[in-house]
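Student: I have a model open and I'd like to learn how to read it. Could you walk me through it?

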Number of protein chains: 2
Amino acid sequence: MPSQFPPDSVGVVHPQVAHFTEPFTLQCGKTLPSFELVYETYGTLNTARSNAVLICHALSGHHHAAGYHRESDTKPGWWDTAIGPGKTIDTQRFFVVCLNNLGGCHGSTGPRSINPETQEPYGGSFPIVTVKDWVNSQALLADRLGISCWAAIVGGSLGAMQGIQWAIDYPARLRNAIVIAAAPKLSAQNIAFNEVARKAIQQDPDFHNGNYYSHNTKPRNGLSLARMLGHITYLSDAAMREKFGRELRDGQIKFDFNVEFQVESYLNYQGEVFSQNFDANTYLLMTRALDYFDPAADFDHDLVKTMAQTQCKFLVLSFTTDWRFSPERSHEIVNALLAARKSVSYADINSPQGHDSFLLNVPRYLQLFKAYMDAIEIANHAPLLSSQENENAL
Amino acid sequence: MPSQFPPDSVGVVHPQVAHFTEPFTLQCGKTLPSFELVYETYGTLNTARSNAVLICHALSGHHHAAGYHRESDTKPGWWDTAIGPGKTIDTQRFFVVCLNNLGGCHGSTGPRSINPETQEPYGGSFPIVTVKDWVNSQALLADRLGISCWAAIVGGSLGAMQGIQWAIDYPARLRNAIVIAAAPKLSAQNIAFNEVARKAIQQDPDFHNGNYYSHNTKPRNGLSLARMLGHITYLSDAAMREKFGRELRDGQIKFDFNVEFQVESYLNYQGEVFSQNFDANTYLLMTRALDYFDPAADFDHDLVKTMAQTQCKFLVLSFTTDWRFSPERSHEIVNALLAARKSVSYADINSPQGHDSFLLNVPRYLQLFKAYMDAIEIANHAPLLSSQENENAL
């Protein structure tokens with residue numbers, strides 16, 4: 001039966017799991033006795049092991065970035081616009097790895113996992129994870145895959161922050177960092193929005209201090225509210241105006257507190273769907289990782305000194321209408337890299353869609369990004385292992 | 001005993017109550033059998049009754065705009081910076097009236113009031129009120145006070161919207177409208193924030209569909225969350241950065257979900273205090289009145305045609321860092337007034353404090369505003385009634 005998928009799709013992909021049995025100590029001081037990371041790979045690792053690209057996900061992302069899990073799937077991975085044969089991140093050239101981060105809710109060890117010490121789900125006792133912890137765990141995954149140096153590490157938003165941290169903590173282990181819609185640290189306003197989102201979850205009577213699994217419930221109302229709020233910050237004012245304006249759902253005003261405007265309907269729907277599919281404890285962890293991200297704190301709060309640690313080349317991209325991490329926040333990164341005499345390319349992409357742009361099909365963005373990726377040089381050997389063979393070899 | 005208050009204070013003031021016993025039909029089609037408005041006055045109404053200024057409050061405001069309720073009070077009314085002898089709204093020249101709007105929770109008829117038809121608090125059954133309804137009720141108050149034409153109607157944010165509606169609905173009854181930090185209607189983003197705030201209240205298990213009074217409880221968590229969110233939109237990103245930055249409350253990271261950053265501590269405190277002093281049903285009503293405000297909807301959605309109804313002079317003021325109602329939203333008002341060949345003065349005030357600026361002591365703002373107020377001509381008769389005598393006369 002011929003595939004139903006477009007020719008530039010990576011097709012059907014199978015998640016893989018890496019088990020790490022050594023204790024893993026986190027930045028907060030706590031230790032996980034063991035952990036698992038679920039990941040996917042697209043394309044083929046070359047013999048020189050020089051063509052590997054790591055995709056780091058943002059707040060609500062996961063390991064399924066491209067392709068389909070089944071022939072019957074209608075929806076591809078979350079970054080399928082950018083990953084595939086001939087696409088921005090060209091799987092004919094690159095061996096692409098995307099994992100679900102530690103603390104996640106899509107298969108990697110997280111709050112829903114069983115704590116081997118108690119045989120109960122971690123729940124509210126899952127330790128705080130930071131961007132540094134993620135990078136350390138990703139480095140273990142790279143070791144496992146035999147990747148000593150990434151051709152590139154790519155991410156948007158919280159994903160981009162992981163790329164920055166990699167460049168600082170493991171400067172010899174990546175050749176390029178693609179930093180999209182990011183900031184060198186959160187502003188007070190960013191933290192404030194995260195705090196309201198967390199509060200919404202924590203105040204939900206179904207939260208039970210994070211131990212809702214054993215109560216056979218989940219804080220759906222709180223998580224839904226958190227997502228609604230997040231969603232507002234992902235879209236630009238202009239994009240919301242364009243998409244919804246003041247359009248009424250039922251064509252006329254009903255004078256009550258039920259849904260009146262299309263934008264209310266949209267947000268409620270987004271919150272509802274998200275609260276069914278995501279884990280509230282993971283949401284808390286991800287927002288806290290965002291709050292804590294501040295690599296310059298380790299270098300006297302001097303971002304130039306911080307960026308002086310790095311050795312890779314940088315592509316920094318921002319979007320004109322992004323008000324969550326505005327172009328000015330990218331300028332801070334670019335300016336520090338320039339002051340530290342690093343190689344950096346920067347573009348501020350004209351896009352009406354706000355922070356969300358990094359996930360969307362914005363042609364100029366993807367073209368510019370592709371031109372950069374295509375120019376990355378790769379030592380030219382014959383392939384050693386396909387991704388499937390590689391899976392079996394683990 | 002000499003007064004403890006500054007010489008430019010209006011001193012001790014006493015709220016007054018106006019009872020309206022005629023049925024009052026609202027825009028939603030429902031009728032209140034009777035209602036009360038609580039208000040304060042500062043200064044003296046002149047014989048020509050030509051020096052009256054109406055102050056309209058915003059979302060969380062009330063009738064106590066200036067002065068003190070008791071000699072022992074340490075905190076004056078909410079707009080004491082602008083109202084008093086020699087101040088921006090000079091009570092040596094003007095007779096200033098400020099009321100608590102219908103649906104409020106500070107003494108005017110609202111959700112906490114007893115519904116005469118059921119002898120129970122209205123609670124969740126209190127009808128939706130709109131800016132038009134407020135203006136109509138304020139016009140009844142003006143009749144009661146013998147004020148056929150206001151020298152000026154002044155307000156910021158939702159207060160300014162009432163001034164705009166007055167100018168459209170009662171063009172002969174005001175000579176000046178001072179429209180501060182406003183918009184001609186809410187954007188999708190504005191509505192979205194309101195919806196999240198409402199949802200937070202409605203999802204609180206202590207909300208009981210608005211009938212929490214009879215359950216001897218109140219949805220404090222939800223109202224607190226709504227206020228925290230509102231507060232973020234009142235402050236600018238820059239102001240929050242300046243005020244809190246990423247400062248930690250306890251000097252070091254604790255790696256948990258309790259308060260870590262000063263900005264979290266501040267927001268939680270603001271939410272806590274507000275949830276003790278404000279009524280959640282009123283919060284819902286006020287946000288809905290904001291959502292529904294769209295005077296141009298009555299004039300083919302043509303703001304120029306809408307503004308063509310007005311006869312008064314306008315002073316429009318915005319603040320550079322206000323992102324709730326940005327200067328561009330004021331431009332829409334100004335442009336429509338200019339196109340309709342109306343008299344309008346406009347200034348965009350350089351202030352780092354965002355939307356909140358309209359309540360603050362921003363010198364250039366208050367100077368410019370005062371210059372406009374001082375230039376308002378008043379027919380020069382001897383005073384007929386002091387505000388105290390006026391109270392007794394009602």
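Tutor: Some ground rules come before the features. This is a predicted model, so local features need pLDDT of at least 70 and side-chain atom pairs count only at pLDDT 80 or more, while totals for chains, interfaces and linings use all residues. Residues are numbered from 1 along each chain as its sequence is written, and chains are lettered from A and ligands numbered from 1 in the order in which they are written.

Student: How many residues of chain B are in contact with chain A?

Tutor: Contact means that the C-beta atoms of two residues, placed from the backbone, lie within 7 Å. Here 41 residues of chain B touch 41 residues of chain A. Helices (H or I, at least four residues) and strands (E, at least two) are DSSP runs, numbered from the N terminus. On the chain B side, the elements giving two or more residues are α3 (188-202), α4 (220-234), α5 (237-243), α6 (262-277) and α7 (280-292). The largest share, 11 residues, comes from α3(B).

Student: And how are the two copies related?

Student: At what angle do α1 and α2 of chain B pack?

Tutor: Axes are lines fitted to C-alpha atoms, for helices over the stretch in contact, and angles run from 0 to 180 degrees between N-to-C directions. Helix α1 (residues 131-144) and helix α2 (residues 158-169) of chain B pack at about 70°, with their axes 9 Å apart. Since 65 to 115 degrees counts as roughly perpendicular, α1(B) and α2(B) are therefore roughly perpendicular to each other. Residues making the contact include Trp134(B) of α1(B) and Trp166(B) of α2(B).

Student: Which strands are at the edges of the sheet?

Tutor: Two strands pair if DSSP finds at least two bridges between them. In chain B, 8 strands form an open, mixed sheet in the order β1-β4-β9-β6-β12-β13-β14-β15. Its edge strands are β1 (16-20) and β15 (344-349) of chain B, each pairing on one side only. Inside the sheet, β13 (residues 176-180) and β14 (residues 313-319) of chain B run parallel, joined by 5 bridges. For instance, Asn176(B) has Lys313(B) as its bridge partner in β14(B).

Key. Angles under 35 degrees count as roughly parallel, over 145 as roughly antiparallel, 65 to 115 as roughly perpendicular and the rest as oblique.
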